Amino acid sequence: TLPIQEARKQAFFAGTLELFLDGEEAVNFLERAERIRPTAEGANNLGLAKYRVGESTRAKNQFQLAVSRWEGYLDALINSETSESPGQFTTHQIRMQSSLSEYSVF
């Protein structure tokens with residue numbers, strides 16, 4: 001198994017790629033990333049995945065959760081305020097580490 005940080009990154013990026021492809025697996029990957037380590041960008045992208053599978057109420061909840069995790073997070077703010085189809089997803093993890101030395105190397 002991968003270290004927690006690497007496993008979370010793998011799940012987040014796989015889910016985000018599925019969003020690009022309109023894949024149905026996006027929810028599964030992004031839920032896994034959120035279980036490993038909840039983040040603002042994970043909640044936002046999971047909200048988009050939920051919206052695409054017809055769970056608009058849960059999608060809105062995810063957008064609001066993303067904003068609560070990072071006040072001023074523009075992607076999630078736009079998604080939570082739109083009455084049309086939300087579409088602002090975050091392609092990369094928001095870096096919260098103080099330096100690259102905190103990444104594991106294998």
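1. Helix axes are lines fitted to C-alpha atoms over the stretch in contact, and the angles between N-to-C directions run from 0 to 180 degrees. On that basis, the axes of helix 4 and helix 5 (residues 74–81) come within 8 Å and cross at roughly 145°. The crossing is left-handed, a label given when the near helix is turned anticlockwise from the far one by less than a right angle, right-handed being the clockwise case.

2. This is a predicted model, in which local features need pLDDT of at least 70 and side-chain atom pairs count only at pLDDT 80 or more, while totals for chains, interfaces and linings use all residues. Residues are numbered from 1 along each chain as its sequence is written, and side-chain values use heavy atoms, with hydrogens and water left out.

3. The secondary structure comes to five helices and zero strands, where helices (H or I, at least four residues) and strands (E, at least two) are DSSP runs numbered from the N terminus; along the sequence the pattern is α-α-α-α-α. Of the 106 residues of the chain, 39% count as buried, buried meaning under 20% relative accessible area, exposed over 50% and partly exposed in between (1.4 Å probe, protein chains only). Among contacts (heavy atoms within 4.5 Å) with a separation of 6 or more, residues 24 or more positions apart account for 52%.

4. The largest nonpolar core has twelve residues, among them A11, F12, L30, L46 and F63; such a core is a set of buried Ala, Val, Leu, Ile, Met, Phe, Trp, Tyr and Cys residues joined through side-chain atoms within 4.5 Å. Helix 1 (4–20), helix 2 (26–36), helix 3 (40–52) and helix 4 (56–69) each supply at least two residues of this core, and helix 2 gives the most, with four. A second, separate core of six residues includes A43, V67, Y73 and A76.

5. Returning to the helix pair of the opening point, K60, F63, A66 and V67 in helix 4 meet A76, L77, N79, S80 and E81 in helix 5. By class, this contact has five nonpolar, two polar and two charged residues, with Ala, Val, Leu, Ile, Met, Phe, Trp, Tyr, Cys and Pro counted as nonpolar, Asp, Glu, Lys and Arg as charged, and the others, Gly among them, as polar.

6. A search of the whole structure finds two aromatic pairs, a pair being rings of Phe, Tyr and Trp (its six-membered ring) with centres within 6.5 Å, stacked if the planes are under 30 degrees apart, edge-to-face if over 60 and tilted for the rest. The ring centres of F12 and F13 are 5.4 Å apart with planes at 70°, so this pair is edge-to-face; F12 is buried at 0% relative accessibility, whereas F13 is partly exposed at 29%. The pair of W70 and Y73 is stacked, at 5.2 Å centre to centre and 25° between the planes, with W70 partly exposed at 36% and Y73 buried at 3%.

7. The loop between helix 2 and helix 3 holds T39, which is buried with a relative accessible area of 6% and touches R8, E34 and R69, not counting residues up to four places away in sequence. R37 lies in the loop between helix 2 and helix 3 as well, but R37 is partly exposed, with a relative accessible area of 31%. The C-alpha atoms of R37 and R8 are separated by 6.7 Å, although these residues are 29 apart along the chain.
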